[in-house]
Amino acid sequence: MTPSTSTRRASVALVLACAGTFLSFLDATVTNLAVPPIADDFDVSLTTVSWVATAYMIPFAAMLAPAGPLADAVGRARLFLIGVAVFTASSLLIAVAPTLPVLLGARAVQGLAAALLVPASLGLVLAEIPAERRRAAIGMWSAAGALAAAAGPALGGVMVEVLDWRALFCLNLPVGVWVLIAGRKLLTGESRTGRGPDLAGGLLLALCVGSAVYGLTQGPGHGWSSVYVLAASGVTVLSGVATVMRALRHRRPALRLDLFHSRSFAVASGVSLAYGTALFTSMLLGVLFLTDAWNYSALEAGLAMSPAALVTAVVAIGIGRLRIALTPRTTVAAGSVLVAASTAALALLIDTEPHFWTLWLPAGTVMGVGVGMATVGISSAATFSVAPQHFAAGTGMVMAARQVGGGLGITATAVIIAEVSGTGAEPYAAVYWFATAVTLAAAAGGLALRVAAPPLPHPATAADRSPAAARILEGDQR
């Protein structure tokens, strides 16, 4: 393979990986706005139709960790394209679903597909791109998810009001088909071990995470001592113990405990858990506060949430363009402190009187900068603390930790709002204080990271790369 061919392949891998990640995160953000019209369409309660979100979250969180080593085994490009194909097909099924059970089943398949394609996408990028250009690649990959979060609420609000909730899931179809067509060339010459992870261990791990997420989602509605939560807790403990025991004994475990021999990877996983808790808490609380306390419409709330996510994307890309070497320790700790400062300001100052320009927008801007820095820092710490052949496995485990943290954050938000007495903004302020405390814990964990800064891009000759690839991979300012 010539240098120019290799560079073109890396550029294609980066663009397609960003597109696939954008799809998965866009779908997660727009679906919340579809819940009320779906309830009306199928004539069911909002409690019942909330499973539209839960059916996606459980398999997504459960399969992220085993999907990483599976990508290393069968080929990152191969698993990525399989995930995109299944995601696109399930999106079409959701859009035409005649009944709610069909829709929920398709959502579960869609969550599984997202779990396959997300870690495979970053593993694919890191495998194709030289070490000195990975910092920019991680920034662009992280920014794709942030752009989806920025576009999701506003785009979803517009489409639900102008068209129909089914149109939301049709957004995935043209992008998915394009990724499948353009991505076929990546299958040629990709390396793979050919040794898949332990299937039984993967099922046990999925059962453990799935039952934990199920118990967390059922607690606020049915009570923490209900049979649903107690049964889920028992299954979580038993399957978790069985997963660990099998991981210790199997030659190719689904749960890669050996990666935790790297202190930096272990710390990055813990930071990802805390970061996910704070991030999902803030995202959910923002929509609830804007619609309940400030009486914003769904579209207005989506537009109000978009600037912070847009800033996140700009910062994530900008970090890759910097000509100074920032360590993951610096970006994670500084980013987490900025997020904590913004949530603390909101906890102190919010009330039922809208103050978008003087409070919400400035706090959201600071939060966006912090989230952009922390996201790239955590991804960099995870990938640069494991060997290249384990990129996908490491990415999957760290992202799984973030999703589990997100489940904890969503549950904590519901419990705090229900339990804190007071009127007006007091319950929301209490949740923001919780997010502040968790984010400060993530900042403390960030200070414990000892991963070297990713190498800075170095100049290359025209024979080494095309101008387009240079702009994508090295953050050329032209």
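**Exercise 1. State how H3 and H5 are oriented to each other, and work out why.**

Solution. H3 and H5 are roughly parallel to each other, a class for angles under 35 degrees. The model is predicted: local features need pLDDT of at least 70, side-chain atom pairs count only at pLDDT 80 or more, and totals for chains, interfaces and linings use all residues. Residues are numbered from 1 along each chain as its sequence is written, and side-chain values use heavy atoms, without hydrogens and water.

Step 1. Helix H3 covers residues 51-74 and helix H5 residues 100-128 (helices are DSSP runs of H or I, at least four residues, numbered from the N terminus).

Step 2. Their axes cross at roughly 30° and come within 6 Å (axes are lines fitted to C-alpha atoms over the stretch in contact, and angles run from 0 to 180 degrees between N-to-C directions).

Step 3. The crossing of H3 and H5 is right-handed, and the residues of their contact divide into 22 nonpolar, three polar and one charged.

**Exercise 2. Classify the packing of H11 and H16.**

Step 1. The axes of H11 and helix H16 (residues 426-447) are 9 Å apart, at an angle of about 160°.

Step 2. H11 and H16 are therefore roughly antiparallel to each other (angles over 145 degrees).

Step 3. H11 passes H16 in a left-handed crossing; their contact has 15 nonpolar, seven polar and one charged residues.

**Exercise 3. Locate the second largest pocket and describe its lining.**

Step 1. Its lining consists of 23 residues, and Leu205, Val209, Ala400, Ala401 and Val404 lie nearest the centre.

Step 2. Elements giving two or more residues to this lining are H3, helix H9 (199-222), helix H10 (227-249), helix H11 (263-292) and helix H15 (391-419). H9 gives the most, with six residues.

Step 3. Domain 1 (1-184) and domain 2 (256-452) both contribute lining residues, so the second largest pocket lies between them.

Note on methods:
Parallel < 35°, antiparallel > 145°, perpendicular 65-115°, else oblique. Left-handed = near helix turned anticlockwise from the far one by under 90°. Nonpolar A, V, L, I, M, F, W, Y, C, P; charged D, E, K, R; others polar. 1 Å grid on protein atoms, 1.4 Å probe; cavity = no way out; pocket = protein on both sides within 12 Å on 5 of 7 lines; lining within 4 Å. Domains from an automatic or database assignment.
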